[in-house]
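Please read them with the coordinates open.

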Amino acid sequence: MKPKYWTIIVLAIYAIYLFASFQSAWRLIVSGTPLAVVMGVVVLGLPLIGVWILLREISFGATTEAMAKELEEQNLLPVDDLPRLPSGRIVREAADADFVQYKEEAEAQPDRWQSWHRLALAYDASGDRKRARESMKHAMKLRKEESTSGTR
């Protein structure tokens, strides 16, 4: 099943949870008892924090997907031809060897979001999710700066 479908399923379940949480929070808040009102605000606040996190992640995913499409249109999207294990995971040694070229590219062109996006994909293939995310955030920042300055 595609990740987008899982996202939709999780969003639907989360919407049901939010509805139930908001109902409970509202009942606590309108009860008028000071402790219940405080509990109602907390019950209301926690799901709202969850919504904020969820929206931020969906935005991150949508932006990275748009960037990948743009790279594909520019014929700059790396070809996914690394060898894989029977489980479907990329062979780590091959990913690490492939990583070097993208690291060098980002070092040679540190102001191009395309280089940082490709580096993020290389980090991800090597299993370094934290650095992949950091690199992708940097690529997003550079892309935003590029679009606001009008340069390409």
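1. In helix α1, the residues Y14, L18, S21 and A25 are buried, and what covers these buried residues includes helix α2, residues 34-73. The model is a predicted one, and the remarks that follow should be read with that in mind.

2. The length of α1 is consistent with its residue count: helix α1 covers residues 3-30, and at 1.5 Å a residue its 28 residues should span 40 Å, which agrees with the 40 Å that separates its end C-alpha atoms. Just after α1 comes G32, a residue that takes a positive phi of about 85 degrees.

3. As for the way α1 and α2 pack, their axes come within 8 Å and cross at roughly 160 degrees; because angles over 145 degrees count as roughly antiparallel, the two helices α1 and α2 are described as roughly antiparallel to each other. The crossing in which α1 passes α2 is left-handed, and the contact of α1 with α2, sorted by class, has 19 nonpolar, 3 polar and 2 charged residues.

4. The crossing of α4 and α5 is left-handed. By class, the contact of α4 with α5 has 9 nonpolar, 3 polar and 5 charged residues.

5. For anyone who wishes to inspect the α4 and α5 contact residue by residue, the α4 side is made up of W113, W116, H117, L119, A120, Y123 and D124, and these meet R129, R131, A132, S135, M136, H138, A139, L142, R143 and E146 on the α5 side.

6. Which residues does S126 contact, once its neighbours within four places in sequence are left aside? They are R92, A95, D96 and F99. In the case of A97, the C-alpha atom lies 9.1 Å in space from that of S126, while S126 and A97 are 29 residues apart in sequence.

Terms used
Residues numbered from 1 in each chain as written. Predicted model: local features only at pLDDT ≥ 70, side-chain atom pairs only at ≥ 80, totals over all residues. Heavy atoms only, no water. Left-handed = near helix turned anticlockwise from the far one by under 90°. Helix = DSSP H or I, 4+ residues; strand = E, 2+ residues; numbered from the N terminus. Contact = heavy atoms within 4.5 Å. Nonpolar A, V, L, I, M, F, W, Y, C, P; charged D, E, K, R; others polar. Expected span 1.5 Å × (residues − 1). Buried < 20%, exposed > 50% of the residue type's maximum accessible area, 1.4 Å probe, protein only. Axes fitted to C-alpha atoms, helices over the stretch in contact; angles between N-to-C directions. Parallel < 35°, antiparallel > 145°, perpendicular 65-115°, else oblique.
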